[in-house]
Amino acid sequence: MTVLEVDTDPAELGFAAERLARIDRHYDAYVDTGKLPGWAMLITRRGQIAHVATGGKRDVEAGLAVELDTVFRIYSMTKPITSVAAMILFEQGALELTDPVAKFIPSFADTRVYTGGSDLKPLTVPPAEPIRIWHLLTHTAGLTYGFHRVHPVDALYRAAGYEGTLGPPGADLAATVDTLAGLPLLFQPGAEWNYSMSTDVLGRVIEVVSGKPLDAALDELIFAPLGMRETWFAVPDSARDRLAALYTPAAGAKLRRSDELGASFLAPSYLSGGGGLSSTLYDYHRFTQFLLRRGELDGVRLLGDRTARYMTRNHLPRGLDLAEFGRPLYAESPFDGVGFGLGFSVTLDPVATHTLGSVGEFAWGGAASTAFWVDPVEEITVVFMTQLLPSSTYPLRPQLRQLVYSALVD
């Protein structure tokens, strides 16, 4: 295991030690009351570790503690990784943001747009313009998730076997994407924002462009150069004893173990660029440091500085935020004052978010309540890991923001 430890006195990095300690107490209280199995977190400033801590159990039934090398299913924290890989290929000239997706995945040439009717008899029209690569990166393609359960097209996804973030048994990525291409879009490409399987489609684009399966492509483009040796689609046998168990809430603020929901991370039938990776605190810390340094880490540059900055600007039309341009999410906090870039949420107005933060901070989280953010203004990165589905169960992530920023005293 690679060692993670505090580099220097937190006070030298502007943090009050006693205020950092109350973060640990806060999440330990969730564990003590049976609301959370366990947790791990890492806070850095100016590239140095200011705080690293763990609490609770990675396996409640077996009594196994969360440790610094525990493996977590990161679900949608896969999306920024896939997005970075696509932009590395963009920098190589292998694709353009304006390229139609059908250039790489021909089944998208015949996509239709929902205009009315029901999931049993939808009315559709041709798209006014094709889905383009930038639509996939910004979730403005008109794709969706079956678990949203708010639209007839969501029901069509479920009928096709796409209830959650992963598909039916036996479906590989190519077959999955062709299935999605045959389902109606919620809206005209570029007209709205809707959290979706867009990044799964982007993963298939990466396969076609690179000529490699997505796992091999991500390893070559990101994991090997950054030393992320414990980030996988299929957790190997050698690491399965470190894989945290997955839990959902049960009656009386208790937890119910849900092995069946996490089984696909052991032997996935398809490689989900939108939600299929497992990782460790250390590996995702490496990724956040790469992002903080605008595309470079330890002398290895994978993205140009300008590309990294471009990805973390708000790409929603007219500078709108997600509350204005997006369809509602089942999130633990609203998206007022938050825009979206190429694979990341982007803070536009911390006052509108009703929590602490900085303009330009970029972030995302995962379905099992994991989270990360990078704050270029304060030069802070935060990685939080746990395994509780769904992420909207408790306000773990907004609380983490107020706890971390209130620990800054410089």
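Two strands count as paired here if DSSP finds at least two bridges between them. Helices (H or I, at least four residues) and strands (E, at least two) are DSSP runs, numbered from the N terminus. Okay, with that said, let's look at the thing itself.

What you have on screen is a predicted model, where local features need pLDDT of at least 70, side-chain atom pairs count only at pLDDT 80 or more, and totals for chains, interfaces and linings use all residues. Residues are numbered from 1 along each chain as its sequence is written, and side-chain values use heavy atoms, with hydrogens and water left out.

Strand 1 and strand 2 pair antiparallel over eight bridges, and Gly 38 has Gly 56 in strand 2 as its bridge partner. The two strands form a hairpin with two residues between them, and Arg 46 in that turn has a positive phi of about 55°. On to strand 16: six bridges join it to strand 1, again antiparallel, with Ala 40 opposite Met 385.

Is strand 1 buried or exposed? Buried means under 20% relative accessible area, exposed means over 50%, and partly exposed is in between, with a 1.4 Å probe and protein chains only. Eight of the eight residues of strand 1 are buried, so the strand is largely enclosed by the rest of the structure. In a regular strand, side chains alternate between the two faces of the sheet. Here both faces are covered: Gly 38, Ala 40, Leu 42 and Thr 44 on one side, Trp 39, Met 41, Ile 43 and Arg 45 on the other.

Now helix 13, residues 396–406. Nine of its eleven residues are buried, among them Leu 396, Leu 400 and Tyr 405. What do those buried residues pack against? Helix 1, strand 1, strand 14, strand 15 and strand 16.

That brings us to the rings. Rings of Phe, Tyr and Trp (its six-membered ring) pair if their centres lie within 6.5 Å; planes under 30 degrees apart count as stacked, over 60 as edge-to-face, and the rest as tilted. The structure holds 18 aromatic pairs. One of them is Tyr 284 with Phe 372, a tilted pair at 5.3 Å centre to centre and 55° between the planes. Tyr 284 lies in helix 9 (residues 281–292) and Phe 372 in strand 15, so the pair ties together parts that are 88 residues apart in sequence. Both Tyr 284 and Phe 372 are buried. Then there's Trp 373 with Tyr 405: ring centres 6.1 Å apart and planes at 20°, so that pair is stacked. Trp 373 is in strand 15 and Tyr 405 in helix 13, 32 residues apart. Trp 373 is buried at 2% relative accessibility, and Tyr 405 is buried at 9%.

The charged end of Arg 401 sits over its ring, 4.5 Å from the centre; the rule is NZ of Lys or CZ of Arg within 6 Å of the ring centre and within 35 degrees of the ring normal.

Last topic, salt bridges: a side-chain nitrogen of Lys or Arg within 4 Å of a carboxyl oxygen of Asp or Glu. How many are there? The count comes to 23. Glu 379 lies in the loop between strand 15 (371–375) and strand 16, and Arg 46 in the loop between strand 1 and strand 2, so the pair ties together parts that are 333 residues apart in sequence. Both residues also belong to a salt-bridge network with Arg 45, Glu 378 and Asp 410.

Technical notes: Contact means heavy atoms within 4.5 Å.
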